[in-house]
Amino acid sequence: MTQRVDLATVMDRLAIDELVTSYAVAVDDDDWGAYRALFAREGRADYRSSGGIEGPAAEVADWLAETMRLFPVRQHLIVNRRLHIQDLGGYPGDRAEVQADYLNPMRLESGDGFVSGGRYAFSLLRTDAGWRLRTVVIHEKWRRASGALDGS
């Protein structure tokens, strides 16, 4: 592999990491326009394992906007990212897969809340606008009620 290919791969990895981080920030900050912009035109999201819906990213964003109003405090921590970029004979391709664990504390207006954890499966596509999400699938592994969560 040449240094140019190595540099391109590093740049792809950084861009993909930024995309995954932007996903968590958009959800936590109620920025549904930014959430929609993270997806490729045909992008889909699947939240069924955590009690949600599956569908086109724009429809899921509308559902999230309504549902997340119940939880004024939330923080998605996405860690242990495992990234695989398509390999085209030593050159990076236009598709990538990321598996990443998450921890998600959420608090209701009442102060009660819960913490859940699991794994995200992100499928990405390189577009003219950069890397975008093709699919996001949540695999919730556990959930624990946590009583009053102090968000102050």
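Trainee: Is D17 buried, exposed or partly exposed?

Mentor: D17 is partly exposed, because its relative accessible area is 35%, and the cut-offs put anything under 20% as buried and over 50% as exposed. Keep in mind that this is a predicted model.

Trainee: Which side chain does D17 meet in a salt bridge?

Mentor: The side chain of R81, with 2.7 Å from N to O. That pair links distant parts of the chain: R81 is in strand 4 (residues 77-88) and D17 is in helix 1, 64 residues apart.

Trainee: And why does R81 count as partly exposed?

Mentor: Its relative accessibility is 30%, so R81 counts as partly exposed.

Trainee: OK, next pair. What does D30 form a salt bridge with?

Mentor: With R74, and the closest N and O atoms there are 2.1 Å apart. D30 lies in the loop between helix 1 and helix 2 (32-37), while R74 lies in strand 3 (residues 73-74), so this pair ties together parts that are 44 residues apart in sequence.

Trainee: What about accessibility, D30 to begin with: buried or partly exposed?

Mentor: D30 is at 42% relative accessibility and therefore counts as partly exposed. R74 is at 8%, so R74 counts as buried.

Trainee: Which side chain does D101 meet in a salt bridge?

Mentor: D101 pairs with R82, at 3.9 Å from N to O. Here too the pair links distant parts of the chain, with D101 in strand 5 and R82 in strand 4, 19 residues apart.

Trainee: Is D101 buried or exposed?

Mentor: D101 counts as buried because its relative accessibility is 17%, and buried means under 20%. R82 has a relative accessible area of 35%, so R82 is partly exposed.

Trainee: While we're there, how far apart in space are D101 and A121?

Mentor: Their C-alpha atoms are 9.0 Å apart in space, and the two residues are 20 apart in sequence.

Trainee: How many salt bridges does the structure hold?

Mentor: Eleven salt bridges.

Trainee: Which residues are linked in a network of salt bridges?

Mentor: D12, D94 and R126 are linked that way.

Trainee: Changing topic: which residues form the nonpolar patch on the surface?

Mentor: That patch is formed by L7, V10, M11 and L14, and together they have about 390 Å² of accessible area.

Trainee: Where is L14 placed, and why does L14 count as exposed?

Mentor: L14 sits in helix 1. Its relative accessibility is 54%, so L14 counts as exposed, the cut-off being over 50%.

Trainee: Great, thanks for walking me through it!

Note on methods
Residues are numbered from 1 along each chain as its sequence is written. This is a predicted model: local features need pLDDT of at least 70, side-chain atom pairs count only at pLDDT 80 or more; totals for chains, interfaces and linings use all residues. Side-chain values use heavy atoms; hydrogens and water are left out. Patches are made of residues with over 30% relative accessible area and no salt bridge: like charges are joined within 9 Å, nonpolar side chains (Val, Leu, Ile, Met, Phe, Trp, Tyr) within 5 Å. Accessible areas come from the Shrake-Rupley method with a 1.4 Å probe; for residues, only the protein chains shown count as cover. A salt bridge is a side-chain nitrogen of Lys or Arg within 4 Å of a carboxyl oxygen of Asp or Glu. Helices (H or I, at least four residues) and strands (E, at least two) are DSSP runs, numbered from the N terminus. Buried means under 20% relative accessible area, exposed over 50%, partly exposed in between (1.4 Å probe, protein chains only).
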